[in-house]
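Reader: I would like to learn how to read a structural model feature by feature, with the general idea given before the particular case. Could we go through one together?

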Amino acid sequence: MDFIDRLKDSVNSIEGLPIRCKIGYLSPEESFCVYPLAGSKVITQFFDGVKDQQLNFEFAMKSQDQQKISNTLWLVQNYLEELSKLVSSDGSFDFDSISITNKPFINQLDDKRNYIFSLDVQAKLTTYPKGEK
């Protein structure tokens with residue numbers, strides 16, 4: 001399923017985004033990423049293998065510039081609140097909705113004075129068995 005790739009690409013299309021989003025963990029230097037969180041689940045599973053799912057993701061940004069982090073995550077949060085369409089490039093999902101579960105918040109300050117802020121979202125999708133749609 002290519003949902004996280006399409007989500008990342010969609011976020012990277014935001015005009016004026018100060019840093020590009022990547023999939024995975026934060027790197028040692030300034031970075032912005034998205035990754036899955038625990039608690040995702042299948043809501044309904046059909047006999048043909050189609051599933052309605054609820055998936056949890058977190059956007060995180062690390063920088064020594066708190067204002068840059070705040071500006072970036074609030075820009076993303078505002079964009080995602082209005083997101084109504086996201087198309088799979090391989091037919092593996094249909095997008096239903098995305099909601100903000102935690103608005104941008106400070107998560108940590110490391111020993112190198114890097115701030116880490118997070119933004120949590122929950123997506124609702126219908127997923128299809130590989131090659132079925």
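**Reading the chain**

Author: Let us begin with burial, where a residue counts as buried under 20% relative accessible area, as exposed over 50% and as partly exposed in between, with a 1.4 Å probe and protein chains only. Thr-72 is buried, with a relative accessible area of 0%, and this residue is found in helix H2. The model is a predicted one, in which local features need pLDDT of at least 70 and side-chain atom pairs count only at pLDDT 80 or more, whereas totals for chains, interfaces and linings use all residues. Residues are numbered from 1 along each chain as its sequence is written, and side-chain values use heavy atoms, with hydrogens and water left out.

Reader: Which residues is Thr-72 in contact with, leaving aside its neighbours within four places in sequence?

Author: Contact means heavy atoms within 4.5 Å. By that rule, and with neighbours within four places set aside, Thr-72 is in contact with Leu-17, Pro-18, Ile-19, Phe-32 and Met-61.

Reader: How many helices and strands are there in the chain, and in what order do the elements run?

Author: Helices (H or I, at least four residues) and strands (E, at least two) are DSSP runs, numbered from the N terminus. The chain has two helices and six strands, and from the N terminus on their order is α-β-β-β-β-α-β-β. The radius of gyration, taken over C-alpha atoms, is compared with a globule rule of 2.2 Å times the number of residues to the power 0.38. For this chain the radius is 16 Å, close to the 14 Å that the rule gives for 133 residues, so the chain is as compact as a globular protein of that length. Its C-alpha trace spans about 50 × 30 × 20 Å along the principal axes, and 44% of the 133 residues count as buried. Among contacts between residues at least 6 apart in sequence, 62% join residues at least 24 apart.

Reader: Why is helix H1 described as largely enclosed by the rest of the structure?

Author: An α-helix has 3.6 residues a turn, so residues three or four places apart point the same way. In helix H1 (residues 3-12), eight of the 10 residues are buried, so this helix is largely enclosed by the rest of the structure. Among the buried residues are Phe-3, Ile-4, Leu-7 and Val-11, and Arg-6 and Lys-8 also belong to that group. The buried residues of H1 pack against strand S1 (22-23), strand S2 (31-36), S4, helix H2 (66-82), S5 and strand S6 (115-127).

Reader: How should I read strand pairing, and which strands does S2 pair with?

Author: Two strands pair if DSSP finds at least two bridges between them. S1 and S2 run parallel and are joined by two bridges, with Lys-22 standing opposite Cys-33 in S2. S2 and S4 run antiparallel and are joined by six bridges, and the partner of Tyr-35 in S4 is Glu-58. Five of the six residues of S2 are buried, so this strand too is largely enclosed by the rest of the structure.

Reader: Where are the hairpins, and which turn residues have a positive phi?

Author: Most residues other than glycine have a negative phi, and most peptide bonds are trans. Strand S3 (residues 41-45) and strand S4 (residues 51-63) pair in the antiparallel sense over four bridges, and Gln-45 has Lys-51 as its bridge partner in S4. These two strands form a hairpin with five residues between them, and in the turn Gly-49 has a positive phi of about 95°. S5 and S6 are likewise antiparallel, with 12 bridges joining them, and they form a hairpin with five residues between them. Arg-113, in the loop between S5 and S6, has a positive phi of about 65° although it is not a glycine.
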